[in-house]
Amino acid sequence: MDSTATDRFDTSRFEASRNRLASLAYRLLGSATDAEDAVQDAFLHWQAAERQRIKVPEAWLTKVVTNLCLDRLRSAQARRERTAGAWLPEPLLDGDPMLGPADTFEQRESVSLAVLTLMERLSPVERAVYVLREAFSYGHAEIAEILDITGSASQQHLHRARRRITAARRGGGEADPASARRIVEEFLAAASSGRTERLVALLTDDATAVSDGAGGLATTLLRYDTPQRIAAVARAGFKPTAAKRRLAGGTSAVHYALVNGASAILFVPGDQVVGAVTFDITGGKIATVRGIAAPARLVRLTEAWRQHEPDTPLIPQW
């Protein structure tokens, strides 16, 4: 096999792992954009490596991507961004290959916006151990090899990660899809019509909401921590105005969608998603509301939406 043919063969071996590597990087970083950059950096490492000496390419690439992501998490820039109060995970439309694998509850949960947010409480190594074990089912010996730690250290990191996430997690299990959609539709109807009491009734007593502001322009995340305050903000936020339409770039259709496995409503003028509101539902009520409008956080979701065949909008013209 000549060098050109070898390069093509080796490139195809990398491409066969690309989606898995991107899914790993997304879980570690919470950002599709950063995940794509990490995978591209891994490809450059792959091209520069003595590939004939790599016995198990999948394991080698997993180690490279994991450590590239850890470098990003430890960087001064990442620490500033993630502690400045303006960080949210980047939402992805269900069906995006970056969300896989999704066969088990643990795999689906590990890519939920709730758990991606909770993983910010972990150290980079704890986060890596948690993702490699829960989402990709690596054994502790394999994780130890990837992270250059001992097997017992891997077990300890996993125990701490699980404890911290479990302690902070709200509710459990997966909401029934039909019931979740009904609850979100009721929330939208109540917010649009200004029925504060109905909004409060749809929220858990300890409900919280977080938003990056209209147009994603808030310099720090806006947080609300009582059902009454969330209802008031939702009632004001979901009321269409000429100013909001100008900011959105026109009249939006409001669609129901699944984002990172959770119920969401999307504001879509034309074919551009300009806002996503996601809901964590537990016990038949809404526990968490997230409003995401920063254009940079919606790039990949918009690209997926353009390839998507949407249902009839909940509100054709908002």
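**Before you look: what "buried" means.** A residue counts as buried when its relative accessible area is under 20%, as exposed when it is over 50%, and as partly exposed in between, using a 1.4 Å probe and protein chains only. The structure is a predicted model, in which local features need pLDDT of at least 70 and side-chain atom pairs count only at pLDDT 80 or more, while totals for chains, interfaces and linings use all residues. Residues are numbered from 1 along each chain as its sequence is written, and side-chain values use heavy atoms, with hydrogens and water left out.

**Figure 1. Phe14 meets Phe43 in an aromatic pair.** Two aromatic rings can be described by how far apart their centres are and by the angle of their planes. Here, rings of Phe, Tyr and Trp (its six-membered ring) pair if their centres lie within 6.5 Å; planes under 30 degrees apart are called stacked, over 60 edge-to-face, and the rest tilted. Searching the whole structure this way turns up six aromatic pairs. For Phe14 and Phe43 the centres are 5.0 Å apart and the planes stand at 55 degrees, so this pair is tilted. Phe14 belongs to helix α1 (residues 3-29) and Phe43 to helix α2 (residues 32-48), so the pair ties together parts that are 29 residues apart in sequence. Helices (H or I, at least four residues) and strands (E, at least two) are DSSP runs, numbered from the N terminus. Are Phe14 and Phe43 buried or exposed? Both are buried.

**Figure 2. Phe267 and Trp318 pair edge-to-face.** From centre to centre these rings are 5.0 Å apart, with 70 degrees between the planes. Phe267 sits in strand β4 (residues 262-268) and Trp318 in the segment after α14 (299-306), so the pair ties together parts that are 51 residues apart in sequence. Phe267 and Trp318 are each buried. Look around them, too: ring pairs join Phe187, Phe238, Phe267, Phe279 and Trp318 in a cluster.

**Figure 3. The largest nonpolar core has 49 residues.** A nonpolar core is a set of buried Ala, Val, Leu, Ile, Met, Phe, Trp, Tyr and Cys residues joined through side-chain atoms within 4.5 Å. Which residues have the most contacts inside this core? They are Phe14, Tyr26, Met119, Tyr130 and Leu147. At least two residues each are supplied by α1, α2, α3, α6 (113-118), α7, α8 (140-147) and α9 (151-168). The largest share, eight residues, comes from α1. Contact means heavy atoms within 4.5 Å; leaving aside neighbours within four places in sequence, Phe14 is in contact with Leu21, Val39, Ala42, Phe43, Trp46 and Leu61. Another core, of 28 residues, lies apart from this one, and Leu199, Leu203, Tyr224 and Ala234 are among its members.

**Figure 4. Helix α7 (residues 124-134) is largely enclosed by the rest of the structure.** Why is that said of α7? Nine of its eleven residues are buried, so the rest of the structure largely encloses this helix. The buried residues are Val125, Glu126, Arg127, Ala128, Val129, Tyr130, Val131, Leu132 and Glu134.

**Figure 5. Arg72 has a place in helix α3 (residues 57-74).** With a relative accessible area of 24%, Arg72 is partly exposed. Setting aside its neighbours within four places in sequence, Arg72 is in contact with Leu29, Asp34, Asp37, Ala38, Asp41 and Ala78.

**Figure 6. Glu186 forms salt bridges with Arg182 and Arg198.** Side chains of opposite charge can pair when their charged atoms come close. A salt bridge is a side-chain nitrogen of Lys or Arg within 4 Å of a carboxyl oxygen of Asp or Glu, and the count comes to 20. Between Glu186 and Arg182 the closest N and O atoms are 3.0 Å apart; both residues lie in helix α10 (residues 177-193), four residues apart, about one turn of the helix. The bridge from Arg198 to Glu186 spans 2.2 Å, N to O. Arg198 is in helix α11 (residues 196-202) and Glu186 in helix α10, so this pair ties together parts that are twelve residues apart in sequence. Glu186 is partly exposed at 22% relative accessibility, Arg182 is partly exposed at 43%, and Arg198 is partly exposed at 33%.

**Figure 7. Arg297 and Asp212 form a salt bridge.** The closest N and O atoms are 2.9 Å apart. This pair links distant parts of the chain, 85 residues apart: Arg297 is in the loop between β6 (285-292) and α14, and Asp212 in the loop between β1 (203-211) and β2 (222-224). Arg297 counts as buried at 15% relative accessibility, and Asp212 counts as buried at 2%. Elsewhere, salt bridges that share partners join Asp10, Arg13 and Arg51 into one network.
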